[in-house]
Amino acid sequence: MHASIDLETLGNTTNAAITQIGVSLFELETGEIHSQTNILVGWRGEGHVNASTLAWWFRQGDEARARMAESLEHPNTLAEALIQLRCLTDWSNIEGVWGNGSTFDVTILDSAYQRGGGESPWPFYAARDMRTIVDLAERLRGFDKKSVERIGVHHEAADDAAHQARVISAAYATLKG
């Protein structure tokens, strides 16, 4: 089993303020999604906020902005959200933890766990990058990630994580031939 992780944040650095943690547990070979979870994180001054990211949020759709507002007011602290994420599954059985970019989702979560005095629940070698597998599938086999149907709200972390899982599996299948 693999995990696709998507974050919604108020910044783009490793110490960015996290507002949503979306996780989809899925089968790489088939694209079957076993579960889809969205953990909301209320913002209480935890993490870096970036003005350009805030401006970007104002340009998003009504539903995405409404979900962000809901997140910001949620009672979960970042520490509580990280515990929820740790308890979500037996991470030692997860083969790959996928994020969209090698320096964003998984890296930001790793940093958040470290700032809290702990370690990520997954082994460091499980980190994977969706952009790399998509790029290889595009270059080597003509894969088009836009051919994967988008379901749900764009920039709602759980829906984005599920979409990423479907894209990753489709790119994998394309490469596998």
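**Exercise 1.** Determine how the lining residues of the second largest pocket divide into nonpolar, polar and charged.

*Solution.* The model is predicted, so local features need pLDDT of at least 70 and side-chain atom pairs count only at pLDDT 80 or more, while totals for chains, interfaces and linings use all residues. Residues are numbered from 1 along each chain as its sequence is written, and side-chain values use heavy atoms, leaving out hydrogens and water.

Step 1. A pocket is an open set of points on a 1 Å grid over the protein atoms alone, where a 1.4 Å probe fits, with protein on both sides within 12 Å along at least five of seven lines; lining residues have an atom within 4 Å of a point.

Step 2. Among the lining residues are Glu46, Leu78, Leu82, Ile83, Arg86, Tyr113 and Gly118.

Step 3. Ala, Val, Leu, Ile, Met, Phe, Trp, Tyr, Cys and Pro count as nonpolar, Asp, Glu, Lys and Arg as charged, and the others, Gly among them, as polar.

**Exercise 2.** State which residues of H3 are buried, and why they lie on the same side.

*Solution.* Step 1. Leu78, Ala81, Leu82 and Leu85 are buried (under 20% relative accessible area, 1.4 Å probe, protein chains only).

Step 1. They lie on the same side of H3 because they cover an arc of only 100° around the axis, taken from the directions from the helix axis to the C-beta atoms.

Key
Buried < 20%, exposed > 50% of the residue type's maximum accessible area, 1.4 Å probe, protein only. Helix = DSSP H or I, 4+ residues; strand = E, 2+ residues; numbered from the N terminus.
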